[in-house]
Amino acid sequence: MQQAPVRKGIVLIVKNKEGKLLLFIHGRDGLWSLISGGCEPGEDILDTVTREAKEEANLDIDKDKIIQTDEVIKFVSSKGPGEQKVFLYIAENTDSIRPDGEETVDMGWFTKEQGLEKLSQKPPLVEIVNKLA
């Protein structure tokens, strides 16, 4: 039996100039989370970062300011195995950031400690925020 291909995606930790984390409540599960999503076929990973930030948060990303990390979250879902590369971004202009109303339904800026508490139901994200934020 052939194994399903590994789906590629991203997780983006966004911080503001004060060092607070941007978290969203995702509409699909009602839980706090970070910006995340899968790569489209043939899409460059940095293009995925910018697309997901725009779709989920109305955040325009300067690709030159994206910080790539060595962190990868590996998981298995109903769609098969996946892995999400983790990126960091310091948002200088936060005026336009807002939930899209469908995929993301609420948002907030939180200290690291508050963010860890909000993300407590998603252990892989807690681990990543502990390491990188």
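This report describes the fold, the surface, one glycine and several salt bridges of a predicted protein model.

## Overall fold

The protein chain contains three helices and seven strands. In sequence order these elements follow the pattern β-β-β-β-α-β-β-β-α-α. The C-alpha trace spans about 50 × 30 × 30 Å along its principal axes.

The radius of gyration of the protein chain is 14 Å, which agrees with the value near 14 Å that a compact globule of 133 residues would have. Of the contacts in the protein chain with a separation of 6 or more, 62% are between residues 24 or more positions apart.

## Surface and charge

Of the 133 residues in the protein chain, 43% are buried. The accessible surface comes to about 7500 Å², and carbon and sulfur atoms account for 47% of that area.

The protein chain carries 18 positive and 24 negative charges.

## Gly108 in strand β7

Strand β7 covers residues 104-110, and Gly108 is found in it. Is Gly108 buried or exposed? Its relative accessible area is 11%, and the cut-off for buried is under 20%, so Gly108 counts as buried.

Which residues does Gly108 touch, leaving aside its neighbours within four places in sequence? They are Leu21, Leu22, Leu23 and Trp32. For Leu59, the separation from Gly108 is 49 residues in sequence and 14 Å in space, C-alpha to C-alpha.

Side chains of opposite charge can pair when their charged atoms come close. The structure holds 11 salt bridges.

One of them joins the side chains of Asp29 and Lys122, with an N to O distance of 3.2 Å.

Glu40 sits in the loop between β4 (35-38) and α1 (45-57), and Arg51 sits in helix α1, 11 residues apart, so that the pair links distant parts of the chain.

Glu40 has a relative accessibility of 43% and counts as partly exposed. Arg51 has 18% and counts as buried, because the cut-off is under 20%.

Where do Lys131 and Glu127 lie? Both are in helix α3, four residues apart, which is about one turn of the helix. A salt bridge joins Lys131 and Glu127, with the closest N and O atoms 3.5 Å apart.

Both partners are partly exposed: Lys131 has a relative accessible area of 49%, and Glu127 has 46%. Elsewhere, salt bridges that share partners join Glu40, Glu43, Arg51, Glu52 and Glu55 into one network.

Methods. Residues are numbered from 1 along each chain as its sequence is written. This is a predicted model: local features need pLDDT of at least 70, side-chain atom pairs count only at pLDDT 80 or more; totals for chains, interfaces and linings use all residues. Side-chain values use heavy atoms; hydrogens and water are left out. Helices (H or I, at least four residues) and strands (E, at least two) are DSSP runs, numbered from the N terminus. The radius of gyration is taken over C-alpha atoms; the globule rule is 2.2 Å times the number of residues to the power 0.38. Buried means under 20% relative accessible area, exposed over 50%, partly exposed in between (1.4 Å probe, protein chains only). Contact means heavy atoms within 4.5 Å. Accessible areas come from the Shrake-Rupley method with a 1.4 Å probe; for residues, only the protein chains shown count as cover. Lys and Arg count as positive and Asp and Glu as negative; His and the chain ends are not counted. The place of a charge is taken as NZ of Lys, CZ of Arg, CG of Asp or CD of Glu. A salt bridge is a side-chain nitrogen of Lys or Arg within 4 Å of a carboxyl oxygen of Asp or Glu.
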